[in-house]
Number of protein chains: 2
Amino acid sequence: MINEKILHLGKERSAIRELFEQGKILKEKYGEESVFDFSIGNPSLLPPKAVNETIENLLKVSKIIDARGKNNIDIEIYSPNNDYKYRKLSSNDLHGYTSAQGDNEVRDAIKKHLEKSYGVELDKDLIYMLVGAAAGLSIAMNALISNKDDEVIVFAPFFPEYRVFIESNGGKCISVSPDYKTFYPDFDDFEKKINKNTVCVIINSPNNPTGVVYDEEVIKKICSVLKKKEKEYGNPIYIISDEPYRELIYNDKKSYPFITKYYDNSIINYSFSKSMSLPGERIGYTMVNPKAQDASDLYLAICGAGRAKGYVCAGTLFQFVIPHVLGSYSDFSVYKRNSQILYDALTKIGYEVVYPDGAFYLFVKALCEDGKEFSEKAMDYNLILVPSESFGIKGYFRIAYCVGKDKIEKSIEKFRQLYDFYKNK
Amino acid sequence: MINEKILHLGKERSAIRELFEQGKILKEKYGEESVFDFSIGNPSLLPPKAVNETIENLLKVSKIIDARGKNNIDIEIYSPNNDYKYRKLSSNDLHGYTSAQGDNEVRDAIKKHLEKSYGVELDKDLIYMLVGAAAGLSIAMNALISNKDDEVIVFAPFFPEYRVFIESNGGKCISVSPDYKTFYPDFDDFEKKINKNTVCVIINSPNNPTGVVYDEEVIKKICSVLKKKEKEYGNPIYIISDEPYRELIYNDKKSYPFITKYYDNSIINYSFSKSMSLPGERIGYTMVNPKAQDASDLYLAICGAGRAKGYVCAGTLFQFVIPHVLGSYSDFSVYKRNSQILYDALTKIGYEVVYPDGAFYLFVKALCEDGKEFSEKAMDYNLILVPSESFGIKGYFRIAYCVGKDKIEKSIEKFRQLYDFYKNK
């Protein structure tokens, strides 16, 4: 009487989680110090100070309001980093329901921040506060997939949960091969994979697992293909830009374009998890491009999907934190340094490494055809690496370098030994 | 290209939300003071002080750990209300991912609290931290419903979102009539509605919308019917006990039994929203009875459903708050007083009112056959009442009395005028 498909999803977990668990066992055996766990994209940086300061201030304000009410009171507390004024929120407001799409003023603050940052025109009434980016993807798939023939295109290598969200909402996950030189999409394959059943395309830049950033040229090419196909089939084909790493770009020559400028039928899926190192707080937003066809219906379908999945509202306290911390980020120079140390060391050893533009992942060619086999061998050297088969392509592995510098440096000798093992085989 | 069913869910919202919006319009027209909005079950009480104190303490501890690391440090801060020791959590831990099922120690603290409170034996590895009770219901429906013939039984009148969660996960919502004297289930109808396709029954006590509490006798009767039917069909029929109002009981003669003592194939769905007035923080748990058939698979299916819906983990900060505040509640005497004032006044006027055992709802017989018509007429008197048709039965209305005492008292004259209108009609 238990749903077998769903049970399977619970049993298998993700391959990445599985590796994480294996890493734990190694750590118990050899000690935390001696194991190099590069499996999980769990931000290692402290959140910007403004986050906890804002929570403290919200609590202070609510204490005053609880005791003295909202009338005839001036709140003399200011945001740490910007001029967003503290509202008169009691502790009942601070932890109370917001509307399902999120607090009005919070959505307005996000809209204004984005408009100022990217020179675009948005609509707060098309912003929906999310319990994290994963929620947003599951919701968007539910909103866009209507029947079992519907197809969603992803660009390999891709975050494995995309497939889970697509398939559990009844659609087909269609993977486009990469151009192995750039790790941009292979555009010939992309064109071939689009058909009358294509409902949307998920773009993820800065990319998990490659660290590659799609620049304007790539985005323009993707959009031009899609516009042509929209005309051909007479249907909208939505772009979902999944951007939890939007601000994590280290390559000065690269920047990730704001998708609404290039393509009308677009949805942005954003999370504060990585940019502010708050992954456990599950706070983000999804936003429908005001120029999208049937933008309002699309937004309402997002609201409907959130409702069906039991998302009543995003956590209220963290909603209220957001306007005060917009523009604050963790100190990414740590990730940048890690990526450079590893990139330089691994290429010097002889590994073929995709240049790390952003996010906190390094994507490296395995030294045998099967990334899984390679990843298992790496365990002998206490290196926990995710094989690229998890991301839909063969023969690579991913390093999540969001760990301490010390770990990074110590791991290099292990990577060398692993390399030597394969070269001397 | 938009999912029409899901769009519909987004468009219609719930009838209750709709009323809430109409209430807003009335408030703009006549002033906040003159409108009696009894539509929404939004806790009006302050959260227990221990909640914000705990957040403050967690922030204090994390500040120390961020600056000085975790070694050779004693944390000399104690929980406000219980002896749960503060852990050495950096701000990175405090806002970081937990495992999908929730932090281990948090689940252990909940298990111990429940074992002590109810004299039961539980298993922390069958507890899954929830982003609120609605999430838990949507997840449970996904875990239990496998095909389109599967049926889920609810007892009318019932929380309208039950239907949404059942149907959006592919099942049929089967409503059992109430015994109109007690507002317990009509047991004859209950027996008749169970068949080989019945996968589970949702129980909600203290009840929304009636305020009725199912005592031991009722629970035993429900369980005995189900045990008989489980044998007859050779299948487990699960009970899902949806208990966001577990502690909100005012009638000293009533208490809500702990379901795992009475029925093996049971799941408890709990939220801290109402007991601690934290509805916006979306924190709760679901728990599989260790004695349930295939308990471990059922739990894994819950994990799988959570994964498919994009619930990565429950908000970490609030997970860490929970162990320090278990056993703290808002001051329910306010709700109890409201319920008594309204019950006494309305019965005195001549209304037929279901006796309010708990939750924060009063269920009253409308003065015409159609609750909707009555609710619309009530608007003329600035009374916002939810018609029972929203809850699956005809001719009643619900008052959510989680509002200020002042509002309650002022509303009585309006209820009298409404009564007179119908009597003089």
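User: At roughly what angle do the axes of α6(A) and α10(A) cross?
Analyst: This is a predicted model, in which local features need pLDDT of at least 70 and side-chain atom pairs count only at pLDDT 80 or more, while totals for chains, interfaces and linings use all residues. Residues are numbered from 1 along each chain as its sequence is written, and chains are lettered from A and ligands numbered from 1 in the order in which they are written. Helices (DSSP runs of H or I, at least four residues) and strands (runs of E, at least two) are numbered from the N terminus, and axes are lines fitted to C-alpha atoms, for helices over the stretch in contact, with angles from 0 to 180 degrees between N-to-C directions. The axes of α6(A) and α10(A) come within 8 Å, and they cross at roughly 115°.

User: How many charged residues does the contact of α6(A) with α10(A) have?
Analyst: Two residues are in contact if their C-beta atoms, placed from the backbone, lie within 7 Å. Here A:Ile139, A:Ala140, A:Asn142 and A:Ala143 of α6(A) meet residues of α10(A) that include A:Leu298 and A:Ile302. With Ala, Val, Leu, Ile, Met, Phe, Trp, Tyr, Cys and Pro counted as nonpolar, Asp, Glu, Lys and Arg as charged, and the others, Gly among them, as polar, the classes are eight nonpolar, two polar and, for charged residues, none.

User: Which element gives the largest share of the side of chain A that touches chain B?
Analyst: The contact between the chains takes 68 residues from chain A and 68 residues from chain B. On the side of chain A, these are 34 nonpolar, 24 polar and ten charged residues. The largest share of that side, ten residues, comes from α10(A).

User: Why is strand β12 of chain B largely enclosed by the rest of the structure, and how many of its residues are buried?
Analyst: A residue is buried if 20 or more other C-beta atoms lie within 10 Å of its own, exposed if 12 or fewer, and partly exposed in between, with C-beta atoms placed from the backbone. Both faces are covered, with B:Tyr396, B:Arg398 and B:Ala400 buried on one side and B:Phe397 and B:Ile399 buried on the other. The strand (residues 396–400) is largely enclosed because the number of its five residues that are buried is five.

User: Which residues have the most contacts inside the largest nonpolar core?
Analyst: A nonpolar core is a set of buried Ala, Val, Leu, Ile, Met, Phe, Trp, Tyr and Cys residues joined through C-beta atoms within 7 Å, and the largest one has 280 residues. Leaving aside neighbours within four places in sequence, B:Tyr401 is in contact with residues that include B:Phe38, B:Leu342 and B:Phe360. Inside the core, the residues with the most contacts are A:Tyr401 and B:Tyr401.
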